[in-house]
Amino acid sequence: MSITTTPHLNFRGQAKEALTFYQSVFGGEITIVTYKDAHAVQIEQEADQVMWGQVISRDGFHIMAYDVPSSLAYNEGIIPVFVSVSGSDAAELKDYWAGLSEGAEIVHPLSPSGWSPLYGMIRDRFGITWVLDIKASD
């Protein structure tokens, strides 16, 4: 048996913008289904918000997101989740870092660490904390 774990991010009206941004950073295919597309509109002003969306790249990047309807409680919390991106190519990791840096807060600069040749933590403009690192050698 094989399983896949995919971060599923919750937003309040920013899911489409966030997914589009993540696609611009990591590439891949974007799929967005709005509440209107799914015939599930409860509040007309939220009809074009994301009921289900994802970005999947050939390199293995996969993230999902949706907009929590205003009829449901939503609290984004404080550091509720980290999204970790690990790889073996420093240049590729630096490109992802550069893309995510737009409007972001650097929590830990991309640099060597005690456990990785390259490690960094960044909080993007949507408040999502990303950990990027080079896989340590076995």
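Four strands form an open sheet in the order E5-E8-E7-E6, with mixed pairing. Strands here are DSSP runs of at least two residues (E), helices are runs of at least four (H or I), and both are numbered from the N terminus. Two strands count as paired if DSSP finds at least two bridges between them. E5 and strand E6 (105-111) stand at the edges with a single partner strand each, so one side of each has no neighbour in the sheet. From one strand to the next, the twist averages 15°. Angles run from 0 to 180 degrees between N-to-C directions, and axes are lines fitted to C-alpha atoms, for helices over the stretch in contact.

The model is predicted: local features need pLDDT of at least 70, side-chain atom pairs count only at pLDDT 80 or more, and totals for chains, interfaces and linings use all residues. Residues are numbered from 1 along each chain as its sequence is written, and side-chain values use heavy atoms, with hydrogens and water left out.

Look inside the sheet next. Strand E7 (residues 119-123) pairs with E8 in the antiparallel sense, over five bridges. Isoleucine 122 stands opposite tryptophan 130 of E8. Helix H2 lies across E5, E6, E7 and E8, and runs at about 165° to E8.

Now follow E8. Threonine 129 belongs to this strand, which spans residues 129-134. Is threonine 129 buried or exposed? Threonine 129 is buried, because its relative accessible area is 1%. The cut-offs are under 20% for buried and over 50% for exposed, with partly exposed in between (1.4 Å probe, protein chains only). Leaving aside neighbours within four places in sequence, threonine 129 is in contact with residues including Ile79, Phe82, Met121 and Arg123. Contact means heavy atoms within 4.5 Å. The side chains of threonine 129 and arginine 123 are also joined by a polar contact of 3.2 Å. Such a contact is a pair of N or O atoms within 3.5 Å; within protein, one must be able to donate a hydrogen and the other to accept it, and residues adjacent in sequence count only if both atoms are side-chain atoms.

Nonpolar side chains tend to be buried together in soluble globular proteins. The largest nonpolar core here has 27 residues, and among those with the most contacts inside it are Phe11, Trp130 and Leu132. A nonpolar core is a set of buried Ala, Val, Leu, Ile, Met, Phe, Trp, Tyr and Cys residues joined through side-chain atoms within 4.5 Å. Several elements supply at least two residues each, including helix H1 (15-26), helix H2 (90-100) and E8. H1 gives the largest share, seven residues. Not counting residues up to four places away in sequence, leucine 132 touches Val85, Leu93, Trp97 and Leu118, among others.

Finally, turn to the charged pairs. The whole structure has three salt bridges, each a side-chain nitrogen of Lys or Arg within 4 Å of a carboxyl oxygen of Asp or Glu. Aspartate 48 and lysine 36 meet in one of them (3.0 Å, N to O). Both sit in the loop between E2 and E3, twelve residues apart. Glutamate 102 bridges to arginine 125, with the closest N and O atoms 2.7 Å apart. Glutamate 102 lies between H2 and E6 and arginine 125 between E7 and E8, so the pair ties together parts that are 23 residues apart in sequence. Arginine 123 meets glutamate 105 at 3.0 Å, N to O. That pair links strand E7 with strand E6, 18 residues apart.
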